[in-house]
Amino acid sequence: MSQQSSTPPPLPNQAQSAESGFATLRVALVILFLVVELAILAYALRGVIQKDEVRKIPGYAPWSEEVLAIAEQIPVQSGGRVKPFSSFARFEMLKYRGDLKMEIESGGKVHKIGPTEWLLDSLFRPELAEKLPVFRIDDSDILIPFGITGKERRTRLSLTDFDVKDTAGNTAFDKLIDRGGEILRDLEGKAADNYTDKDKADKKVADFAQLVLSYKGFIASLDILRGGLPEVDVTQLAGFDDELVQQLSKVSEPTNFFFWLPLTNRLAQSVQGLPRDPATGQLSGEWRKFVFEFNRQSEFSKYGVPWLPPVSSEDETWKTLGRKLDPFLSGTAPDFKPILEDYRLLEQVAVAASDPASNKFLEALTKFKDSTTERALSRGEGEVIPGEIKYYQRNYFMYALVWFIIAFLFSAAGWAFTEGTVAKVLGWCVTVTFLLGMGYLMAGIIHRIFLTGRPPVSNLYETIPFITWGGLLLLGLTELLTRRKIFISLASAVGVMGLFLAFRYELGDTKDNMDPLRAVLDSNYWLATHVVTISIGYSGGLIAFFLSVIFAFLSLSGVIKDQKGFARFMTRAVYGVTCFTLFFSLVGTVLGGIWANDSWGRFWGWDPKENGALLIVLWCLIILHARLAGWLRTWGIHLLSILGGSVVVFSWWGVNMLGVGLHSYGFTEGAKAVFYFYGATVVAFLVGIAAWQIEKKSKLASRQ
Amino acid sequence: MSENQQPEPASAVDPARKDKKSVNWGTRIWKIISGYEVAVVCLSLLFVLTFFGTIEQKWFGLWATVHKYFDPSSFFVVPRNGMEKIIFLPLPGTYWVIVVLCINMFCGGIIRMRKGWKKAGVLVSHFAILFMLIAGAVSSVYKKEGHMLLYQGRKSDFAQTNFVFDIEIFKYNEKGEREAPAIIDDKYLEQLSPKNAVTATFEKFPFTAKVDSYLPESALSLAGPDNQPKKGEEILDGFFLTKVKKDVKTEEKNLPGCYLTVEDPDGEKIQRLVLWAGNPYPVTFTYDGARYGATITRKVWPMPFQVELHKTVGEYHPGTQIPRWFQSDITMINDGQRSDHEIYMNFPARQAGFTLYQAGWEDGGDEPFSVLAIVKNPSDKWPEWALYVSAIALGFHFIVMLALYASGNSPRSRKSAAAGKVSNPTPPTLEKS
């Protein structure tokens, strides 16, 4: 009897039943895994798409377009460079609010306020600025001990929200600032590494208190210009300094700080002799109020915007008004004349701001802008201001994001039409919109190169658009070679993800990403070679990851008709991209070692960032050699490629969270997104395992 | 041949399996040590070790972790997560895994590898990477580094090592200047524990010096009513040495200390001193009417040339504490030959096998100074050369692969393949027949 007789072929309805069972299982698993992935995504994005409160502020009037156009051009020095007022406002607003816009309702209208408007309000309309929801807080529970209750957990508060008083009459503001001070004193001398959980929670309170206090100072920074000193009877100084009394008697506006300025030192000496309360030792009556207000205004004027260029050509540091007055008030630089012009110009702006819609305000602001711009240019500073304003106005990356979303939608529609005119038209639409997105992305990167005078990647923020661009270029070229549609669809999706990440990172980081570099990084040669090369390596690793994820999901779903051909095609693609990743990661890593040898005297120091780059190289080598050893085939390569995505993300972001090493300039806190990515990777890995096992069982069933 | 019928890929290992039984032991061992399997195991171990050696730095700092994972003296390591062990099974030390990988690469990736123009790129890149790893080994054995503190307008002909200490004993001349010291070398100090001692004799001095109670990590305390020794430490001149916890994150904070007894040749105690590396001044004693000094200090590394610092300058970005640049203008004087150099970040000066880097500067105050890091590394430039070679070789290889892939995957090739025509003679494929 032949062996065939002992293993009879299954009846047709049995085979169909097995296939049908697998199909059901496939659909169930795809839905399950997609739900889990979407849940991770939704959890990662919680709060990001939260609808923000529209704050009602009666009497709020928006700034005119003319005022905004002038204001944004005012040069400001911050972070070591001279930049436009609008850029300074952008990152200050991010620091406080974590967002670039807020909505204010007034007179039945909703006004959208951007960074420049917000900063103008903060400087020139402090009574309105106090009501703006400026402070972002992610856990409002920490404010309950200070009497601020009934707020949503994640919310935004204004200074007036801290006006609530307890039964003893203490405001939440006072209690918060006092507590912040206490915490900082308690933590003084304690290394952050040794913080307990309570210390960490306390530190958050202290940091928030500092933020609130600094904004309080910020909006009061120009009080010194507004003539708010209490009136005093200067004749009481007679007998201490008669000449001073004579001079003060001629003053027409004794409430104006400016008129007291030239007499400050003599005034301080004379005030010492005034009668005092015997019990407290303090000055009494109007003079007490005067001295308090004089000190308050001069102290708060040190906050605010560093927009006054130095007088001396040797000095490089621009200052706030108070910092500029400081040497004069302290008596170390008795000549007030060099800063007289700045004081006068700013005073005109501050006074005219009482009617912000008036021509007087616009003229005063224009005059101040022209004066500081002229001086900046004469010092060889601020040449990039017009270009930088255009860069942010053109919003390249936002447009690129929009085009990539459209391209992805077209490509998604194209999956339903594989042949015919509609498929061709959709194909062209995908190509055109994708190229438009790439165009905007490249234009943004190139514009930044011209503005900063540096290669495209010089900080963590810039890695995101550049790595996205590298990945898209790789996918675009692969699409050109293979014309399989899948790559351009993936490219559109990667473009959306990359640029969305760039926006989120900028919002979370809150630091100006065009600021100059520290000495060790300031090498265009090494930035252009090592950093660019290693970033392209990251692009490759992530593209291989995404290709394998797509392969896993499509294989599990069973929608591919020619699964064997598709597997071969995708595996080759991943293999090719892994080779690409290896090449750039290896060259980039070694270039980094050579740079380190020139900077620190050692080629390799096992620093976390160096190790991260090495891990990518090793991962690629493991895949390539295990394949040659016959240990990896189709699924082995894809599963390792999926895990490889985590290796790249660990190298790119994860090592920065360790808080050690010489690459401390790259550290970032709160990069929780990394852990969500790891979670998503694990799910994708499980998808691969499931698809692989079902494929095996399916093959076995069909053979039987 | 269609895509579906392509031959098995570069399965160079597999033919050997067919006649496993017939080959001798030597051949089998050769095949193992030169095989892909050993490469994969080594690469995987390196991956795991590098990963744990990275995250462990969070708790134990760079220096301690590097020493634990990557030092040649580490044959086995047990990864930890904070104070917890992650894996109870010890992993081999990284250095030795790299040694095995090098052997495997040499045997398999150079000797055994198929030779041909298609594999030329991989062959050359293997050679270059091997050369790079050898550069690392040479560096780990022969590299020497230290720091030179240079005040503006002055010269120096020595550096000090970063972590190695020895004891210097010297005589003061009549002018109160130090004469050339006698050294109790670090190799003797390293062998000491708090309970044993070493006695040194000197050709140039008539006395001997006994070192005891040596503590590699110590602090010098001033004895007082509220601060008395808790473990019976000896008080000398009001001071006593205490053992402190090793700072694993910042190795340079670990300062050794010891007690030193000066004895005459008959063994009679002349004076007992306490030495501590954090003390900037030597401890002095008198013997036979002459004044001597003793200090425990970072090991001096004499340079074969003099370095003169003319100017040290630097700048911060305005309004910040972020350094923009800093520079030292120096002259190196070697056998009367003078050469001028400007050293700044990313631009070291190289001379006579030594490389001088700008490590720090202070241009304010009465005496501006620079701190120069000095490194002598015979394999200084080897990785750079290896990079150029491997980049060209790998680039060549992958371009060839890409060309082959592209020729087999163009729409035209796919149509040909679908029609059963031969399109791609030897494309890489991953399916086993």
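The model is predicted: local features need pLDDT of at least 70, side-chain atom pairs count only at pLDDT 80 or more, and totals for chains, interfaces and linings use all residues. Residues are numbered from 1 along each chain as its sequence is written, while chains are lettered from A and ligands numbered from 1 in the order in which they are written.

**Overall fold**

Chain A has 25 helices and seven strands. These are DSSP runs, numbered from the N terminus (helices: H or I, at least four residues; strands: E, at least two). The C-alpha trace of chain A spans about 135 × 55 × 55 Å along its principal axes. Of its 704 residues, 43% count as buried. Buried means that 20 or more other C-beta atoms lie within 10 Å of the residue's own, with C-beta atoms placed from the backbone; 12 or fewer means exposed, and in between is partly exposed.

Two residues are in contact if their C-beta atoms, placed from the backbone, lie within 7 Å. Among contacts in chain A between residues at least 6 apart in sequence, 72% join residues at least 24 apart.

Helix H5 of chain A covers residues 115–124. 10 of its 10 residues are buried, so H5(A) is largely enclosed by the rest of the structure. Among them are Trp118(A), Leu119(A), Leu120(A) and Phe124(A), and also Glu117(A) and Asp121(A).

**Two domains**

Chain A is assigned domain 1 (395–516) and domain 2 (541–704). Such bounds come from an automatic or database domain assignment. The domain centres, taken over C-alpha atoms, are 21 Å apart. At their contact, 11 residues of domain 1 meet 12 residues of domain 2. On the domain 1 side, helices H19 (460–482) and H20 (486–509) of chain A each supply at least two residues. H19(A) gives the most, with six residues. This side divides into six nonpolar, four polar and one charged. Here Ala, Val, Leu, Ile, Met, Phe, Trp, Tyr, Cys and Pro count as nonpolar, Asp, Glu, Lys and Arg as charged, and the others, Gly among them, as polar.

**Helix packing**

Two packed helices are described by the angle between their axes and the distance between the axes. Axes are lines fitted to C-alpha atoms, for helices over the stretch in contact, and angles run from 0 to 180 degrees between N-to-C directions.

| Helix pair | Angle | Axis distance |
|---|---|---|
| H19(A) and H21(A) | about 60° | 8 Å |
| H22(A) and H24(A) | roughly 45° | within 10 Å |

H19(A) is oblique to H21(A), and H22(A) and H24(A) are oblique to each other. Angles under 35 degrees count as roughly parallel, over 145 as roughly antiparallel, 65 to 115 as roughly perpendicular and the rest as oblique.

H19(A) and H21(A) cross right-handed. Their contact includes Gly470(A) and Gly471(A) of H19(A) and Gly540(A) of H21(A). It has eight nonpolar, six polar and no charged residues.

In the other pair, Ala567(A), Thr571(A), Val574(A), Tyr575(A) and Thr578(A) of H22(A) meet Thr634(A), Ile637(A), His638(A) and Ser641(A) of H24(A). That contact has four nonpolar, five polar and no charged residues.

Definitions and conventions:
Left-handed = near helix turned anticlockwise from the far one by under 90°.
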